[in-house]
Amino acid sequence: MKTRNFFAHPQALVESERIGAGTRIWAFAHVLRGARIGRDCNIGDHAFIEGGAVVGHRVTVKNGVMIWDGVSIADGVFLGPNVVFTNDRTPRSPRLPQVAERYRSGKWISRTRVERGASIGAGAVVVSGVTIGRFAMIGAGAVVTKDVPPHALVVGVPAVPRGWVSEAGQKLEFDAAGLARCPSSGQRYRLRGGKPVKLQ
């Protein structure tokens, strides 16, 4: 029998073998066969990760998160409690004869990507087919229906832009010259083309 190099709580249901070293999967989480999870992740109680979902390295998945087939989570992402993804833009029961062929073909899946370092707040819903950019911040309870640019802060139903955040997750206040400094890291940013760019 293959030795596991990750931790799974005795009351977790882990059907996938594609899980990286150092990852921890807690009670009542369910990881289906075919799901891929990277190294050093933390998967909270009652999380559900469907076969075909991809989770990168050092990802935090809090309790009750649902990640479906067609959803790809990059390295260093934070998913708050009860975040829900979807993967079908025009859902019907696959048992309806009118749509059975579409579901048999697999072409119904609408792919979603969350890029490196992004954070999604508790209870947010991410509608399928969108990309959430690097280090973006999605407010708690938001409903994301469109692509979110890197470093954008979005809130509300539907989610709308409310500013920019640093890699450390702090709100950026740009001056008249288009410059801002992260209040926690000191890293400087410049607005270029209406979007923040980190300065070296």
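**The core and beyond**

Tutor: In the largest nonpolar core, which has 45 residues, Ile 67, Ile 73, Phe 85 and Ile 120 touch the most other members. A nonpolar core here is a set of buried Ala, Val, Leu, Ile, Met, Phe, Trp, Tyr and Cys residues joined through side-chain atoms within 4.5 Å, where buried means under 20% relative accessible area with a 1.4 Å probe, protein chains only. Strand E11 (71-73) and strand E20 (152-155) are the elements giving two or more residues to this core; strands are DSSP runs of E, at least two residues, and helices are runs of H or I, at least four, numbered from the N terminus.

This is a predicted model, so local features need pLDDT of at least 70 and side-chain atom pairs pLDDT 80 or more, while totals for chains, interfaces and linings use all residues. Residues are numbered from 1 along each chain as its sequence is written, and side-chain values use heavy atoms, without hydrogens or water.

Zoom in on Phe 85: leaving aside neighbours within four places in sequence, Phe 85 is in contact (heavy atoms within 4.5 Å) with residues including Ile 67, Ile 73, Ile 120, Trp 68 and Val 126.

Now for Ser 110, in the loop between helix H1 (100-105) and strand E14 (112-114). Ser 110 is buried, at 15% relative accessible area. Not counting residues up to four places away in sequence, Ser 110 touches Asn 87, Arg 89, Ser 128 and Gly 129, and the Ser 110 side chain reaches the backbone nitrogen of Gly 129 at 3.4 Å.

Technical notes
Buried means under 20% relative accessible area, exposed over 50%, partly exposed in between (1.4 Å probe, protein chains only). A polar contact is a pair of N or O atoms within 3.5 Å; within protein, one must be able to donate a hydrogen and the other to accept it, and residues adjacent in sequence count only if both atoms are side-chain atoms.
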